[in-house]
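Thanks for coming. I will go through one model this morning, starting with a pair of helices and then moving to the packing.

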Amino acid sequence: MFGSGAFSGKPPLYTGTDVEPLLAFSRTFFPKTVIEIGIQRGETAKCLLDNSPWIQNYVGIDVAPSHRTALPVQQSEVPKQPGELVKNDPRVRLIVKPNGSRDVTPAELPVADLIYIDGDHSKTGVLQDTELARKAIRKGGIICWHDYGNPAVPSVTKAIDFLNGKGGNTICLIEKGFLCFEFCRNGK
């Protein structure tokens, strides 16, 4: 249905093979502006940027190294150097704040074609990141969430189910993975 997600090399540590649908979306819709909430070291960003020369702007958002996560299981994921693998790419702008995306306003973000949410996996965090993403996405753009169905972080599934329950089941799960997506009917 979408372009190929094939790439060479190791899959990103936290995204794993779920990077393939992100690449497929990129190769089908050619996003110029991408936002990643929860960039961590930048492995997913690097994979997308290396395989998507049409991306002109990539905004990576993460927490400061001193941040304490809402979910203890995520504490080991707090990066010592957020975005270190892509910080020298001229297309990349890093936004690192004490509370990450919770401290970001929509006015600080460009209008995006693709937004990837993989930050705070608490239900509150997923809902807040979704609200931020829906204010920054262009009409017809794609929002993706990671870790739906992941038993290590069941709050992501609860948040997506809640959003689907009140929003008409517009968020779809990609089979054989943890990635969900939505084509945004509203937006900038």
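H3 covers residues 123-136 and H4 residues 154-167; their axes come within 8 Å and cross at roughly 50 degrees. Axes here are lines fitted to C-alpha atoms, for helices over the stretch in contact, with angles running from 0 to 180 degrees between N-to-C directions. Helices (H or I, at least four residues) and strands (E, at least two) are DSSP runs, numbered from the N terminus.

This is a predicted model, in which local features need pLDDT of at least 70, side-chain atom pairs count only at pLDDT 80 or more, and totals for chains, interfaces and linings use all residues. Residues are numbered from 1 along each chain as its sequence is written, and side-chain values use heavy atoms, leaving out hydrogens and water.

Which residues of H3 meet H4? They are Lys123, Val126, Leu127, Thr130 and Arg134. On the H4 side, the partners include Ser155, Ala159, Ile160 and Leu163. Contact means heavy atoms within 4.5 Å. Ser155 in particular, at 14% relative accessibility, counts as buried (under 20% relative accessible area; exposed is over 50%, partly exposed in between, with a 1.4 Å probe and protein chains only). Not counting residues up to four places away in sequence, Ser155 touches Leu71, His121, Ser122 and Lys123.

Next, the core. A nonpolar core is a set of buried Ala, Val, Leu, Ile, Met, Phe, Trp, Tyr and Cys residues joined through side-chain atoms within 4.5 Å. The largest one has 26 residues, and those touching the most other members are Ile35, Ile61, Leu109, Ile115, Ile143, Trp145 and Ile160. Both H3 and H4 are among the elements that give two or more residues to this core, as are strands E1 (33-37), E2 (57-63), E4 (112-117) and E5 (137-146). There is also a second, separate core of 21 residues, which includes Phe25, Ile55, Leu179 and Phe181.

Last, helix H2, residues 43-51. Buried in H2 are Thr44, Ala45, Cys47, Leu48 and Leu49. The buried residues of H2 pack against helix H1 (19-29), E1, E2, strand E3 (92-97) and E4. Asn51, also in H2, is partly exposed at a relative accessible area of 21%. Setting aside neighbours within four places in sequence, Asn51 is in contact with Phe7, Leu23 and Arg27.
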